[in-house]
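Thank you all for making the time this morning.

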Amino acid sequence: MKLTKKIMKCNKRITSVLLSITVLLTAFSIPVVSAVTTDVEDSKANITETSSSANQYGLQDNIQDGTMLHCFNWKYTDIKAELKNIAEAGFTAVQTSPAQANNNSGTWYWLYQPRGFYVGTNDLGTKEQLRDLCTEAHKYGIKVVVDVVANHLQGDHYNIVEDLKPSQYWHHNGSVGNWKDRFQVTHGDIGMQDIATENSYVQQCVKNYIDELKSLGVDGMRFDAAKHIGLPSEGDDFWSVVTSDKSLFYYGEILGGPDDRETGNEELMKEYTDYISVTDSGYSYDNRIAFDSGNAPSTKGNWAVRGVSADKLVYWAESHDNWSNNSDFGYSWNISQNNIDRAYAIAAARSGATALYFSRPSTHDKENIKAGKKGSTHFTSPEVAAVNHFHNAMVGQKDSYVNSNNCGVVCREEGAVIVKGSGSGQVTVTNAGGTTKPGVYIDEITGSKWTVTPSTISGTIGSTGIAVIYNPTLSAFNTISQAGGTFKSETLTLTLGLENATSGTYQIDNGAVQTYTGTKTITIGEGVSYGSTITLKLTATGENGTTETSYTFKKVDPLAVRVIDFSNKNTVYLWNTASWSTQNCYSWQTGRDGATAWPGSAMTKVDTFGGYDLYKFTVPSNETNIIFNNGSTKTDDMTIQTGTVVFDNGTGQWVDATTMDEDVEVSTDPIVTTSGTKPTTYTTVSQTNPTTVGEEYSYGDVNLDKKIDIRDVSAIQKFISSHITFSEIQRIAADVNADGYIDISDATLVQKYVVGKVSSLPVGSVFYIGQTTASQTTTY
């Protein structure tokens, strides 16, 4: 049977006006050829069954679960010749450049200006060679993804198929002028006229091409310039029509986001993922630039933290746009392969997302990168292969990321990838969230031994700067409900447990060693004075031996606290662990310069926590973006964070304020200092004095420790300035002058009592909690 297909000619739509104009000018320099109609043989899908030997490579059935090798510009025959090496390197899929026919050959970008929506002979090879590639790839368990150009045709319309020449198949809105305007992004020209993807005939032409690719054994499609194709909510059904075959994998190139807005386009991104996976170029850029600067990335993600499911994301360290477009697109050609590999290691170690590894051409000069020329085979290096093997072994396991000791650490349940910001050597890093199971692990790259505890990961990173540890010998270990730290109560209850262990022991300070199995609840702190430390020693015994763990706790006086005010959502805090000599905050409104010129406003010191000063600045209410800086060193562009967090300039991360020091508390209610003036309204509680003796308390003994001293004065002062709260008994004890409310006069009376200037009632007199005959009302 013969199926007549109209030849259409597509140009690559790029999110850079500069690149678009360059391509346009180049496109107009070609000879004009008559449009033709070609008969294309209709073939049924002929996908060779994966051989049983494919399992030896540990590749994934689902492309999203694996990793992809981008064989940019490679001929089909060159990819076919490398399939065994590709499988051994752990890649589940290979991605080819566009398979559509085009009018020109040579330079790479002609592949992105195809003649139509059909497989034709181009610099990559023939249709039969693509079929042969798919057949052979499936024997190794490798899937084939083809780059599809569906958003536009060649810059001139002389050579496109006749039926698509009529104006109803094209948008006529001129060039994109505002990249934050979705209508312009999806309907405007970027140097080449925009095809009307909402038109049903255009949609069917693309769908026919997808079906043809499937018939050759192709398993998935990468859609070029996907952000420029509208969504059903915008009146364009392209995606629902073209991706209706759910047996195929689809992902789309979305550089930046659906438009250039920094926020407000999250729902559009999520709608794309109803049909296709999407690229996260922002996260990929952050990782790449961090390692190029010698630093481990501080970011935990981009679209994933903005609500897009990780299993609909595609990460990379670099793409062909970064490499092949000279200085456009956050170019990567001046970044070493090793730093690219470090960034790829982080990307490919994450849960849910697939990762794309780019085979670099031999040159980065845009005009000299040739279609049909095989690129680098560095993908076979031990470090790249190890990361892919790790990715495949960890499918389905949760992950947690942390920047620790200038290492990017991706912790999975049964392994971790640790990447130094620069260099190599011995490291101890945080076991993020305690995610990775304690045990002894081997680095696949170097064979070195690594030790994982519930809180740390320790070992030596080799010359690549990357360590890949998994397949552990699991150690017995204890679990605990609070892994050390402080507690602000008389006692602390802890729950102990066991993993990979048959029994365990615990010892509080120098007390007796107690044995337990299963879970055990214990209490520490009773009878211990405030400020004291308590050491808890634990052991766990299993088939692989016994492990020991020690935790230190500190009992903190609940009244001896410092409160940080988070009631103003525009107040930002900088914890100066980097010891900047100057602390500035530059703030601005999106699209406008800041009210104060660079470097912004000097910040105000709040206090010292954990040995480092804390500074604050209240950003003008109409500004949401900030940069902390010391005039020369600066943070990335950031938005004001919600929650009770401070920015740690030593680690480059926002951290919970309560982790700065043991006596820190936070308040999201305004902290108002009271000078003794009676409030206009009162909240009252009543407590009565009994005629029969009950529990005895003393006026002035606010902290209820059976003595009156300066700590009670301090407690009253903190209460009236809203830094702490009192129980009902404490309120009665604090109202020493019995005037019905607590203010500075009560603190003054207690202070005089402490220094001996007041020795009579009411300070020091007792009251009881028990049966009532008379009452006293205290207002607060």
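This is a predicted model: local features need pLDDT of at least 70, side-chain atom pairs count only at pLDDT 80 or more; totals for chains, interfaces and linings use all residues.

Let me start with aspartate 746, which, once its neighbours within four places in sequence are left aside, is in contact with Ile716, Ala734, Asp735, Val736, Asn737 and Tyr741, where contact means heavy atoms within 4.5 Å. Residues are numbered from 1 along each chain as its sequence is written, and side-chain values use heavy atoms, with hydrogens and water left out.

Aspartate 746 lies in helix 15, residues 744-754, and here helices (H or I, at least four residues) and strands (E, at least two) are DSSP runs numbered from the N terminus. With a relative accessible area of 0%, aspartate 746 is buried; buried means under 20% relative accessible area, exposed over 50%, and partly exposed in between, with a 1.4 Å probe and protein chains only.

On confidence, the mean pLDDT of the protein is 84, and 87% of its residues reach 70 or more, pLDDT being the predictor's confidence in each residue, from 0 to 100. Over residues 1-53, however, the pLDDT is below 50, and beyond near neighbours in sequence this stretch has 165 contacts in the model. Residues 671-693 also stay under 50, with 58 contacts beyond four places in sequence.

Turning to the interior, in soluble globular proteins nonpolar side chains tend to be buried together. A nonpolar core here is a set of buried Ala, Val, Leu, Ile, Met, Phe, Trp, Tyr and Cys residues joined through side-chain atoms within 4.5 Å. The largest such core has 103 residues, and those with the most contacts inside it are Leu130 and Phe223. Which helix gives the most to this core? It is helix 11, residues 337-349, with eight residues. Apart from this core lies another, of 21 residues, among them Val702, Phe719, Ile732 and Phe767.

The whole structure holds 24 salt bridges, a salt bridge being a side-chain nitrogen of Lys or Arg within 4 Å of a carboxyl oxygen of Asp or Glu. Aspartate 224 forms one with arginine 222, the closest N and O atoms being 3.0 Å apart, and both of these residues are buried. Asp147, Arg222, Asp224 and Glu253 are linked in a network of salt bridges. Lysine 227 and aspartate 260 also meet through their side chains, at 3.9 Å from N to O. Lysine 227 lies in the loop between strand 8 (220-223) and helix 7 (238-242), and aspartate 260 in the loop between strand 9 (249-252) and helix 8 (266-272), so the pair ties together parts that are 33 residues apart in sequence. Lysine 227 is buried, at 1% relative accessible area, whereas aspartate 260, at 41%, counts as partly exposed.

A further salt bridge joins glutamate 266 to arginine 306, with the closest N and O atoms 2.9 Å apart. Glutamate 266 is in helix 8 and arginine 306 in the loop between helix 9 (281-292) and strand 11 (313-316), so that distant parts of the chain, 40 residues apart, are linked.

Finally, consider strand 15, residues 415-420, in which six of six residues are buried. Gly415, Val417 and Val419 cover one side, and Ala416, Ile418 and Lys420 the other. Strand 15 pairs with strand 14 (residues 407-412) in the antiparallel sense over six bridges, where pairing requires that DSSP finds at least two bridges between two strands. A hairpin of two residues joins strand 14 to strand 15, and arginine 412 stands opposite glycine 415. Strand 15 also runs antiparallel to strand 20 (residues 466-474), joined to it by five bridges, and there the bridge partner of isoleucine 418 is alanine 467.
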